Amino acid sequence: MDMSDGDSEFEAYGADTYALLESGDLKVMTDEGMYRCPFCSDAQNDCSLLDLLEHAMGVEAAHNLDGKVKADHRALAKHLKGKPAESLGLLLKPTLKHTQAPQNNRDEQFVWPWMGVLVNMPDEYIGRSANRLKEHFLSFHPTKVHHVYSKGCPTGNAIIEFGKDWSGFRNARAYESHFEMKGCSKRRWKEMKCGGQEPVGWIARADDYNSLGAIGEHLRKNGDLKTLNDIVNEETNKTDKLVAHLASHVKEKETHLMELECEYNKSAASLEKLMEERDKQIQSYNEEILKMRQLAQQNTHRVVEENRKLRLDLQGMMDELDARNKQFEQLAAQTEEDKRNLELEKEKNAMRTSHLKLAALEQQKASEDVLKLMEKQRIEEEDALEKFKRLTIQLDTKQSLELEIEHLMGKLQVMESTPAGEATGSGKKIDEVKDELNEKIGELSDMESFNQNLIIKDSKTSDELREAGEVMIQALQTLPSDIEVRTQIGIKRIGELDSKAFLNTCKRKFSKEHAKAESVILCSKWQNEINNPEWNPFKIVMINGKESRVLREDDAKLQELKEYGEEAYDAVTKALVELNTGEGSRRTPFPVLWNNEEGRKAPMKEAVRHALELWKASKASGKGRRRA
């Protein structure tokens, strides 16, 4: 198809559409008096006559649309141009062309921000919304539109702002070129002595800025006069300041990076020193554990051997007594006196034999209990040492993890502080460091959970050791009382008073016959006071930054106690202090292992040594009885 055939078909489509629009079969006006395109399904928003006309003309001028669509919109534009309403507004519709902005004198002064002047505005825009006028010049991308008023009345003129950047300057030049191409330039307007009916527009310059009237007043109030060189110089100064600021910022980043590297080197040196100290502690700990194990084995062998010898000595003594009983039976034929002496001797021997058997049984029971305690202590000690070793290893591992986490965090901080120009390709490394850091933090959390379980097990072991101490106390209390030995370790009841503390006072107040009974009564009375939890003669004071409980000397009962003498006062206050520093907040006496020579509590090791001394004493006592 040649060009003439295409144009004929195009005109045929447009003629049919125009006839439908003119006849009213195709409606463009809604019931509300607004306009809508009948050909575009996506144009659902109501608009004004001018907006719809602009839409039709834009589709008609498009190059990538179907011929029938363009013919329909041409017919629509023709139909709308015949409408009487708003026809004058078409004079303001710009015809935007790609014009090259002419070269300007760089010393010529313009109003900045870039502004355009519009005069002879049609009456339909005077006093109306500035946004409506702004829409007609939307192709020049104005930022603001201001109506010009004089003494409160509209003048029919307007000021159009195009911004402060170079694109705004180009838009302002295109705006001025648009009016110059239509023959509505500022020069033509002045030749007509500011008359005429056509709208006229141009870029605001120095003469407009300094002119009298509402336009000059508005330009002076909202803008400044600047040449292109002035603006270029200002932008150059801003760029130089920005470059200087960025250079200073880069220098600060480099300084911070060097500081981070120094801190990292210090941390690495500290870690190396800490690892060396840890190795020395582990070596010392292993040597100490080896010595303790060797000593425990030697003590166990010695105790077992001495116990075996003691049982042999007891058995020898029992055999000797049996032989003597047989001798006594052979002398039964002697005189009556001898018979009575013989019976008495037999009774004594039988009693001694019974005592020895009981002593042997008690000794055997005590020996078994002590051996069980020693074995239990050995096992618990090994468990405690093993737990301590595990805790040490876990602590070292935890410290190592914390140091690794600190190292990774420092490394991550160094990588994140790298300037943007040097950080190309470091994103993946930063992610890997973050993943490794999260993994180490998870391991540290698991390690803390495992340590908590070990602490619970250690608490359970401590309870078992306390039970073992109670068994040791019971074993010492049940030993035979006829074994004479000077013991360093004994049993003491913490918080228990002795009536002897009140005896001297009672001797001064009562007769010798009643003094002892009264001292017992006073002792019982103050023992009840000590056991009473409602009596709290203590106060809390700060000593070396820690809270401590001390006796209140102004307590009423303690003042009353001073009447019975210093010995009684010291005994009661000592019992109160012992209970206050004892187990929990109990106020009743309780037994503990006690070092009689040094006046303090005895640990389990001293109690075991005391048991060994008892075995030796039992052995010596058995040999003495055998010689007797």
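I began with the secondary structure of the protein chain, which comes to 16 helices and 11 strands; I note at the outset that this is a predicted model. I then looked up burial and found that 32% of the 628 residues of the protein chain count as buried. For the accessible surface I have about 40000 Å², of which 51% belongs to carbon and sulfur atoms. Turning to contacts in the protein chain with a separation of 6 or more, I noted that residues 24 or more positions apart account for 66% of them.

**Entry on the four-stranded sheet**

I traced an open sheet of four strands, ordered β3-β4-β2-β5, in which the pairing is antiparallel. Because β3 (144-150) and β5 (200-203) stand at the edges with a single partner strand each, one side of each is left without a neighbour in the sheet. The twist from one strand to the next averages 25 degrees.

I went through two of the pairings. Strand β2, residues 115-119, runs antiparallel to β5 and is joined to it by four bridges, and within β5 it is valine 200 that stands opposite valine 119. β3 and β4 also run antiparallel, with six bridges between them, and here serine 150 stands opposite cysteine 153 in β4. Which residue in the hairpin of β3 and β4 takes a positive phi? I found that lysine 151 does, with a value near 55 degrees, in a hairpin that has two residues between the strands.

**Entry on the helices packed on this sheet**

Which residues of α8 are buried? I listed Ala214, Ile215, Gly216, His218 and Leu219. The cover over the buried residues of α8 includes β1 (109-112), β2, β3, β4 and α7 (206-209).

**Entry on two single residues**

I looked up leucine 133, which lies in helix α4, residues 130-136. Is leucine 133 buried or exposed? Its relative accessibility is 0%, so leucine 133 counts as buried, the cut-off being under 20%.

Leaving aside residues up to four places away in sequence, aspartate 555 touches Trp535 and Pro537.

**Entry on the three-stranded sheet**

Last, I traced an open sheet of three strands in the order β7-β10-β11, with antiparallel pairing. Why is one side of β7 and of β11 left without a neighbour in the sheet? β7 (489-494) and β11 (600-601) stand at the edges, each with a single partner strand, so that one side of each is left without a neighbour. Strand β10, residues 590-595, pairs with β11 in the antiparallel sense over two bridges, and I recorded lysine 601 in β11 as the bridge partner of tryptophan 594.

Definitions and conventions: Residues are numbered from 1 along each chain as its sequence is written. This is a predicted model: local features need pLDDT of at least 70, side-chain atom pairs count only at pLDDT 80 or more; totals for chains, interfaces and linings use all residues. Side-chain values use heavy atoms; hydrogens and water are left out. Buried means under 20% relative accessible area, exposed over 50%, partly exposed in between (1.4 Å probe, protein chains only). Contact means heavy atoms within 4.5 Å. Accessible areas come from the Shrake-Rupley method with a 1.4 Å probe; for residues, only the protein chains shown count as cover. Two strands pair if DSSP finds at least two bridges between them. Axes are lines fitted to C-alpha atoms, for helices over the stretch in contact, and angles run from 0 to 180 degrees between N-to-C directions.
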